[in-house]
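Subject: Structure handover

Hello,

Here is the structure you asked about. Please open it alongside this message, as the notes refer to individual residues.

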Amino acid sequence: MDYYKILDISQSATQQQVRDAYKKQALKSHPDRVPSDSPERPARTKKFQQINDAYFTLSDPSRRRDYDSARSYHGFHNAPTEDSDPKEEEIPRQKAPGGGGFPWSAFGFGAKDSKEEEQFSSEQFGSVFEEMLRDEGLAEGQEAKPTGKFWSLVGGLSGGAMGFIVANFPGALAGAVAGNRLGAVRDSRGKSVYSVFQELPQGDKAKLLSELAAKVFAHAIGS
């Protein structure tokens with residue numbers, strides 16, 4: 001697969017453009033934007049894993065240089081993308097290349113199975129997710145602790161999210177919740193914003209991702 005096409009960037013993209021493209025594509029295709037039983041879920045999960053493989057490879061100058069060299073050597077310029085026929089893009093990536101084919105197994109994260117791939121994708125996205133929330137004033141510090149602005153946003157997602165806060169965070173004062181002053185809510189267990197995100201009800205995850213995507217896309221248009 002063509003990692004540049006997956007991130008929708010040119011081969012001359014800067015490292016910052018690679019990172020910005022990853023943010024947009026990951027937010028757009030994240031599996032949690034649809035219910036766990038949605039028929040879209042498998043395709044979204046696969047797409048999300050491809051996006052993370054692409055970012056893993058292109059975000060590191062050394063890995064990117066090796067990928068570009070192999071890509072150029074094998075004339076790999078018109079590769080299939082996620083929109084191609086699924087049967088045509090099933091590539092045995094973990095098998096050693098034969099007959100001079102493109103060395104698939106040399107690039108991407110190279111997970112042993114789908115579970116490992118999902119875990120890696122989640123961890124990589126989590127790091128960038130926390131960076132995005134810091135940029136929006138929703139997280140602070142190296143450990144990306146939730147800010148009052150984050151809790152205000154989460155509290156406005158749904159009644160379910162508010163119940164989640166009260167049930168899961170002993171530091172949440174009932175008076176603060178009742179008074180709709182969720183900025184006073186703090187995670188007394190010291191969780192990062194991504195850890196909190198992972199424990200939210202699925203519907204609220206989808207809404208939070210949509211809110212964040214709107215902010216990221218707005219910045220991209222305005223820059």
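This is a predicted model: local features need pLDDT of at least 70, side-chain atom pairs count only at pLDDT 80 or more; totals for chains, interfaces and linings use all residues.

Aromatic pairs

Counting ring pairs with centres within 6.5 Å, the model has ten aromatic pairs. One of them joins phenylalanine 56 and phenylalanine 120: the ring centres are 5.3 Å apart and the planes stand at 90°, so this pair is edge-to-face. Phenylalanine 56 belongs to helix α3 (residues 41-58) and phenylalanine 120 to helix α5 (residues 114-135), so the pair ties together parts 64 residues apart in sequence. Phenylalanine 56 is buried, at a relative accessible area of 18%. Phenylalanine 120 is buried as well, at 10%.

A further pair is made by phenylalanine 129 and phenylalanine 197, with 5.0 Å from centre to centre and 40° between the planes, which is a tilted arrangement. Here phenylalanine 129 sits in helix α5 and phenylalanine 197 in helix α9 (residues 193-199), so parts 68 residues apart in sequence are tied together. Both phenylalanine 129 and phenylalanine 197 are buried. These two rings also belong to one aromatic cluster, together with Phe48, Phe125 and Tyr194.

Charges over rings

Arginine 63 lies over the face of phenylalanine 56, 3.8 Å from the ring centre. Lysine 205 is placed over the face of phenylalanine 197, at 5.8 Å from the ring centre.

Helices α2 and α5

How do these two helices cross? The axes of helix α2 (residues 15-29) and α5 come within 11 Å and cross at roughly 105°. Angles of 65 to 115 degrees count as roughly perpendicular, and α2 and α5 are therefore roughly perpendicular to each other. On the α2 side, the contact uses Arg19, Tyr22, Lys23, Ala26 and Leu27. On the α5 side, the contact residues are Ser121, Gln124, Phe125, Val128, Glu131, Met132 and Asp135. Sorted by class, this contact holds six nonpolar, two polar and four charged residues.

Aspartate 32

Aspartate 32 is in the loop between α2 and α3. Is this residue buried or exposed? Its relative accessibility is 10%, and under 20% counts as buried, so aspartate 32 is buried. Leaving aside residues up to four places away in sequence, aspartate 32 touches Arg41, Phe197, Gln202, Lys205, Ala206 and Leu209. Its C-alpha atom is 9.3 Å from that of aspartate 204, a residue 172 places away along the chain.

Regards

Notes. Residues are numbered from 1 along each chain as its sequence is written. Side-chain values use heavy atoms; hydrogens and water are left out. Rings of Phe, Tyr and Trp (its six-membered ring) pair if their centres lie within 6.5 Å; planes under 30 degrees apart count as stacked, over 60 as edge-to-face and the rest as tilted. Helices (H or I, at least four residues) and strands (E, at least two) are DSSP runs, numbered from the N terminus. Buried means under 20% relative accessible area, exposed over 50%, partly exposed in between (1.4 Å probe, protein chains only). A charge sits over a ring if NZ of Lys or CZ of Arg is within 6 Å of the ring centre and within 35 degrees of the ring normal. Axes are lines fitted to C-alpha atoms, for helices over the stretch in contact, and angles run from 0 to 180 degrees between N-to-C directions. Angles under 35 degrees count as roughly parallel, over 145 as roughly antiparallel, 65 to 115 as roughly perpendicular and the rest as oblique. Contact means heavy atoms within 4.5 Å. Ala, Val, Leu, Ile, Met, Phe, Trp, Tyr, Cys and Pro count as nonpolar, Asp, Glu, Lys and Arg as charged, and the others, Gly among them, as polar.
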